[in-house]
Amino acid sequence: MIPSTLPVAHTEGDKATSADESTTAWALAARGGDARAVEQLVRALQRDVLRYVAHLCADPQAVDDLAQDTFLRALGSLHRFEGRSSARSWLLSIARRAVIDSYRYAAARPRLCDVADWQLAVERAQPHDLPGFDDGVALLDLLALLPVERREAFVLTQLLGLPYADAAALSDCPVGTVRSRVARARATLLDLLAEAA
């Protein structure tokens with residue numbers, strides 16, 4: 001039910017519930033097409049929306065744009081506002097969705113880089129403790145130098161993580177043989193690495 005008169009703007013001494021009642025009444029009046037109620041609603045909640053968006057958003061330069069987007073979304077969907085919750089709660093939930101949508105939009109778009117050597121910046125951003133492509137190529141080259149049965153035992157147990165018993169079943173040999181092949185493969189790989197250094 002839309003009141004026949006618009007509420008008066010609240011002062012600092014008013015309770016939060018009367019402020020919520022006022023903003024909700026303005027939202028309902030604005031839904032009915034009252035331009036003055038739209039203005040009052042925006043003025044009453046603009047500061048709350050700005051503070052909430054600033055709290056959620058990591059980019060202080062985007063706060064004003066996100067607050068404006070919030071009000072545009074709210075005014076576009078005023079016809080669906082029924083007053084079941086306060087206008088403040090309704091508007092802050094719209095603000096939350098606007099911030100989340102901005103994060104999703106930013107994550108889906110490539111980022112601009114103002115660094116002169118962007119490739120170096122990307123390389124520095126990569127984790128340093130993980131083997132890279134070059135390490136994988138070097139490992140494959142070293143593994144190719146091992147005899148076939150030693151390479152098979154090493155790959156099954158050390159790279160694929162199979163237990164020795166499973167590797168023995170796959171290789172159709174005793175477990176002790178697999179252990180011996182893995183130990184010899186390790187020793188050969190260490191010798192090859194020492195020679196390369």
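1. The axes of α3 (residues 63–76) and α4 (residues 87–108) cross at roughly 125° and come within 9 Å. Axes are lines fitted to C-alpha atoms, for helices over the stretch in contact, with angles from 0 to 180 degrees between N-to-C directions. The crossing of α3 past α4 is right-handed, meaning that the near helix is turned clockwise from the far one by less than a right angle.

2. A word on the basis: this is a predicted model, in which local features need pLDDT of at least 70 and side-chain atom pairs count only at pLDDT 80 or more, while totals for chains, interfaces and linings use all residues. Residues are numbered from 1 along each chain as its sequence is written, and side-chain values use heavy atoms, leaving out hydrogens and water.

3. Which residues of α3 meet α4? On the α3 side they include Leu 66, Phe 71 and Arg 73, and on the α4 side Trp 90, Ile 94 and Asp 101 are among them; contact means heavy atoms within 4.5 Å. By class, this contact has 9 nonpolar, 2 polar and 4 charged residues. Ala, Val, Leu, Ile, Met, Phe, Trp, Tyr, Cys and Pro count as nonpolar, Asp, Glu, Lys and Arg as charged, and the others, Gly among them, as polar.

4. Now α2 and α4: their axes are 10 Å apart and the angle is about 40°, which makes α2 oblique to α4. This crossing is right-handed. The residues in the contact of α2 with α4 divide into 12 nonpolar, no polar and 3 charged.

5. Is Asp 48 buried or exposed? Asp 48, found in helix α2 (residues 35–56), counts as buried at 16% relative accessibility (buried is under 20%, exposed over 50%, partly exposed in between, with a 1.4 Å probe and protein chains only). Beyond its neighbours within four places in sequence, Asp 48 touches Arg 88 and Leu 92.

6. Do look at Asp 172, in the loop between α8 (164–171) and α9 (175–196). Asp 172 has a positive phi of about 60° although it is not a glycine, and it is exposed at 71% relative accessible area.

7. Finally, confidence: pLDDT, the predictor's confidence in each residue from 0 to 100, averages 84 over the chain, and 85% of the residues score at least 70. Over residues 1–14 pLDDT stays under 50.

Technical notes. Helices (H or I, at least four residues) and strands (E, at least two) are DSSP runs, numbered from the N terminus. Angles under 35 degrees count as roughly parallel, over 145 as roughly antiparallel, 65 to 115 as roughly perpendicular and the rest as oblique.
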